[in-house]
Amino acid sequence: LKVQQTALNVRSYRQELLASNIANADTPNYAARDMDFKSALTNALAGRSSGPLELARSSSTHIGNGGGSPFASEARFRSEYQASADGNTVNMDVERANFAENAMHMEALLTFIRGGIKDMQLAINGQ
């Protein structure tokens, strides 16, 4: 289940990026971000994900930055499809399509994971 779990985590982070793009569709100078799922998954499975940057703390009582997502280094700015007067690069049609497609892939992954767990339970019960 390691591959499915990692794939679900990558898909989940991509969904956050796409939701952020949609939420900021009217924000001036907002640059849309996305990630390449295949390369992010490959890097994560190979242990090449650089992970989030941790802030240096000069005292143990200082609050850290929370770590962030281990896939944050995979996020890239999306190239602009059509120039906007306010500098925003979000294209709502592209964002909605990518969001729906990513959600569908997440549902499929969850179905595979549920099936794998069900098979393991059947094997443990000896059925």
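Where is the place of Ala 108? Select Ala 108, and the viewer will highlight a position in helix α3. The tour returns to this residue after a view of the whole chain.

**Before starting**

The structure is a predicted model, in which local features need pLDDT of at least 70, side-chain atom pairs count only at pLDDT 80 or more, and totals for chains, interfaces and linings use all residues. Residues are numbered from 1 along each chain as its sequence is written, and side-chain values use heavy atoms, with hydrogens and water left out.

**The whole chain**

Display the chain as a cartoon. Three helices and two strands make up its secondary structure, and from the N terminus on they follow the order α-β-α-β-α. Helices (H or I, at least four residues) and strands (E, at least two) are DSSP runs, numbered from the N terminus. The chain has 127 residues, of which 28% count as buried; buried means under 20% relative accessible area, exposed over 50%, and partly exposed in between, with a 1.4 Å probe and protein chains only. Of the contacts (heavy atoms within 4.5 Å) with a separation of 6 or more, 72% are accounted for by residues 24 or more positions apart.

**First stop: helix α1**

Select residues 2-23, which form α1. This helix has 22 residues and reaches 31 Å from its first C-alpha to its last, close to the 32 Å expected at 1.5 Å a residue. The expected span of a helix is 1.5 Å times one less than its number of residues. Among the buried residues of α1 are Thr 6, Leu 8, Val 10, Tyr 13 and Leu 17. The cover over the buried residues of α1 includes β1, α2 and α3.

Now select Arg 14, which is placed in helix α1. Arg 14 counts as buried because its relative accessibility is 9%. Its side chain makes a polar contact with the side chain of Asp 34, at 2.8 Å. A polar contact is a pair of N or O atoms within 3.5 Å; within protein, one must be able to donate a hydrogen and the other to accept it, and residues adjacent in sequence count only if both atoms are side-chain atoms. With neighbours within four places in sequence left aside, Arg 14 is in contact with Asp 34, Met 35, Asn 98 and Asn 102.

Move to Asn 29, in the loop between α1 and β1. Asn 29 is not a glycine, yet it has a positive phi of about 65 degrees. Its relative accessible area is 61%, so Asn 29 is exposed.

Select residues 37-45 for helix α2, and show α1 beside it. The axes of α1 and α2 come within 10 Å and cross at roughly 135 degrees. Axes are lines fitted to C-alpha atoms, for helices over the stretch in contact, and angles run from 0 to 180 degrees between N-to-C directions. Angles under 35 degrees count as roughly parallel, over 145 as roughly antiparallel, 65 to 115 as roughly perpendicular and the rest as oblique. Residues making the contact include Val 3 and Val 10 of α1 and Phe 37 and Leu 41 of α2.

Select residues 92-125. Helix α3 has 34 residues and reaches 49 Å from its first C-alpha to its last, close to the expected 50 Å. Just after α3, Gly 126 takes a positive phi of about 75 degrees.

Colour the buried residues of α3: Glu 95, Asn 98, Asn 102, Met 106, Leu 109 and Ile 113. They pack against α1 and β1, the latter at residues 33-34. An α-helix has 3.6 residues a turn, so residues three or four places apart point the same way.

**Last stop: α1 against α3**

Show α1 and α3 together. Their axes are 9 Å apart and they pack at an angle of about 155 degrees; the two helices are therefore roughly antiparallel to each other. The contact is made by residues including Leu 8, Arg 11 and Leu 18 of α1 and Phe 99, His 105 and Leu 109 of α3.

Select His 105, in helix α3, which is partly exposed with a relative accessible area of 31%. His 105 and Arg 11 are 94 residues apart in sequence and 7.8 Å apart in space, C-alpha to C-alpha. Finally, return to Ala 108, which counts as partly exposed at 33% relative accessibility. Ala 108 and Leu 8 are 100 residues apart in sequence and 9.7 Å apart in space, C-alpha to C-alpha.
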